[in-house]
Amino acid sequence: MHPKPKIKSTNRNRIEILHGINRPQVKGTQAILKALERIVSEFDNVIVHTPERLTQKDYLSIFKNIDISIDQSKCHSYGMNAIYSLMYGHVVLAPADSLCNNSLGISNNPLISITDDEEAIYLQLKNLLINLKLDSLKEKSQKFGYDMHDPLVVAKKLIDV
């Protein structure tokens, strides 16, 4: 992951959203895809990517084009997809709620917290697309990703333990 990937500048005419499909029943893909269908029907500037079964190299090659990533919706935290997305400077939607913050020992995070509910996911996405203040969120995401999950940071935490 080093050096830091360049954060994609937001192009209001083409917002790209990613939801990588892997274990769809576990990740809440059904609600996520329904919300994305509604978004695509309402916003003509949105492109959705839903890759499946790619190598890690091929999957990560998509990341340079993405503005918003949706990790999962069924739990109280986020996974590796969200970590990669944060490090690439995407705005990330995941169920990163107060339980997540407590388990990480932090007071807040830049992820947009979602639940496994089509309407809630749709409303969060719609709010992001209407307000289009993505660039500052992307910067906060990348900073958080590297501050929390950079391999050197993680290695130091393990050594300290």
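Predicted model: local features only at pLDDT ≥ 70, side-chain atom pairs only at ≥ 80, totals over all residues.

Trainee: What makes S1 and S2 a pair?

Mentor: Strands count as paired if there are at least two bridges between them. Strand S1 (residues 15–18) is joined to S2 by 4 bridges, so the pair qualifies. One of the bridges links Glu-16 to Ile-47 in S2. The two strands run parallel.

Trainee: And which order do the strands of the sheet follow?

Mentor: The order is S2-S1-S3-S4-S5, an open sheet of 5 strands with parallel pairing.

Trainee: Why are S2 and S5 called edge strands?

Mentor: Strand S2 (46–49) and strand S5 (112–113) each pair on one side only. Helix H2 (residues 29–42) packs on the sheet as well, touching S1, S2 and strand S3 (68–70). The direction of H2 makes about 155 degrees with that of S2.

Trainee: How does H7 lie on the strands?

Mentor: Helix H7 (residues 134–149) lies across S1, S3 and strand S4 (91–94), at about 75 degrees to S4.

Trainee: What describes the packing of H7 and H8?

Mentor: An angle and a distance between axes describe two packed helices. For H7 and helix H8 (residues 151–160), the angle is about 35 degrees and the axes are 5 Å apart. On the H7 side you'll find Tyr-146, Asp-147, Met-148 and His-149, meeting Pro-151, Val-153, Val-154 and Lys-157 of H8. By class, that contact has 5 nonpolar, 1 polar and 2 charged residues.

Trainee: Which residues lie nearest the centre of the largest pocket?

Mentor: Those are Gly-20, Ile-21, Asn-22, Tyr-59 and Asn-81, out of a lining of 16 residues. The pocket's volume is about 360 Å³. Helix H3 (56–62) and helix H4 (80–87) are the elements giving two or more residues to the lining, and H4 gives the most, with 3 residues. Sorted by class, the lining has 6 nonpolar, 6 polar and 4 charged residues.

Trainee: Last one: why do Thr-10 and Asp-135 count as a polar contact?

Mentor: The cut-off is 3.5 Å between N or O atoms. The side chains of Thr-10 and Asp-135 are joined at 2.7 Å, so that distance falls within the limit. Thr-10 also has a side-chain polar contact of 2.9 Å with Lys-138, which is within the limit too.

Trainee: Where is Thr-10 found, and what else does Thr-10 touch?

Mentor: Thr-10 sits in the segment before S1. Leaving out residues up to four places away in sequence, Thr-10 touches residues including Ile-15, Asp-67, Leu-132 and Leu-134.

Key: Residues numbered from 1 in each chain as written. Heavy atoms only, no water. Contact = heavy atoms within 4.5 Å. Axes fitted to C-alpha atoms, helices over the stretch in contact; angles between N-to-C directions. 1 Å grid on protein atoms, 1.4 Å probe; cavity = no way out; pocket = protein on both sides within 12 Å on 5 of 7 lines; lining within 4 Å. Points joined across faces, edges and corners; volume = space filled by probe spheres on them. Nonpolar A, V, L, I, M, F, W, Y, C, P; charged D, E, K, R; others polar. Polar contact = N/O pair within 3.5 Å; in protein donor to acceptor, adjacent residues only side chain to side chain.
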